[in-house]
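Hi there,

I'm passing along the structure we talked about, so please have it open while you read.

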Amino acid sequence: SFRKEPLDTFVGDRRSRYALKQDLRLLRILTRNLASDLKEGGGHDETLSLYNRIQSVREEARRNAVRSSVTQPTLERIEKAREHLVQLSPYYDEKWVPPPLPRQ
């Protein structure tokens, strides 16, 4: 899990790790809100801005993950979140193309 990640030596790595930690927390909150809104019958227009915010935070988390040293389990959690968004994306954008897999 993220809490068991080794401490990085460089300040930039630590800052990226802390930013990643915050990104993951925010993603957890946003995705739960989206799931709740959809479960309660929220449609495309009502949930589009939340979906777009999730995509934005996910991309920032991906960049922070690349800049910091994270273990395989953390990368797998990020990939799992990406897979869920891949399933939702056609609903929100008919021109959507899956993003490339993150480099490992």
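This is a predicted model: local features need pLDDT of at least 70, side-chain atom pairs count only at pLDDT 80 or more; totals for chains, interfaces and linings use all residues.

Let's begin with L27, which sits in helix α1, the stretch covering residues 11–39. L27 counts as buried, because its relative accessibility is 11%, and the cut-off for buried is under 20%. Leaving aside residues up to four places away in sequence, L27 touches I54, V57, R58 and A61.

Next, the helix pair. Helix α2 (residues 44–67) and helix α3 (residues 72–92) have axes that come within 11 Å and cross at roughly 150°. Their crossing is left-handed. On the α2 side, the contact is made by H44, T47, L48, Y51, I54, Q55, R58 and A65, and on the α3 side by I78, R82, L85, L88, S89, Y91 and Y92. By class, the residues of this contact are 9 nonpolar, 4 polar and 2 charged.

Finally, the largest pocket, with a volume of about 430 Å³. It is lined by 16 residues, and those closest to its centre are L27, R28, T31, A81 and H84. Two or more lining residues come from each of α1, α2 and α3, with α1 giving the most, 7 residues. The lining has 11 nonpolar, 2 polar and 3 charged residues.

Best wishes

Technical notes: Residues are numbered from 1 along each chain as its sequence is written. Side-chain values use heavy atoms; hydrogens and water are left out. Helices (H or I, at least four residues) and strands (E, at least two) are DSSP runs, numbered from the N terminus. Buried means under 20% relative accessible area, exposed over 50%, partly exposed in between (1.4 Å probe, protein chains only). Contact means heavy atoms within 4.5 Å. Axes are lines fitted to C-alpha atoms, for helices over the stretch in contact, and angles run from 0 to 180 degrees between N-to-C directions. A crossing is left-handed if the near helix is turned anticlockwise from the far one by less than a right angle, and right-handed if clockwise. Ala, Val, Leu, Ile, Met, Phe, Trp, Tyr, Cys and Pro count as nonpolar, Asp, Glu, Lys and Arg as charged, and the others, Gly among them, as polar. On a 1 Å grid over the protein atoms alone, a cavity is a set of points where a 1.4 Å probe fits but cannot get out, and a pocket is an open set with protein on both sides within 12 Å along at least five of seven lines; lining residues have an atom within 4 Å of a point. Grid points are joined across faces, edges and corners, and a volume is the space filled by probe spheres set on the points.
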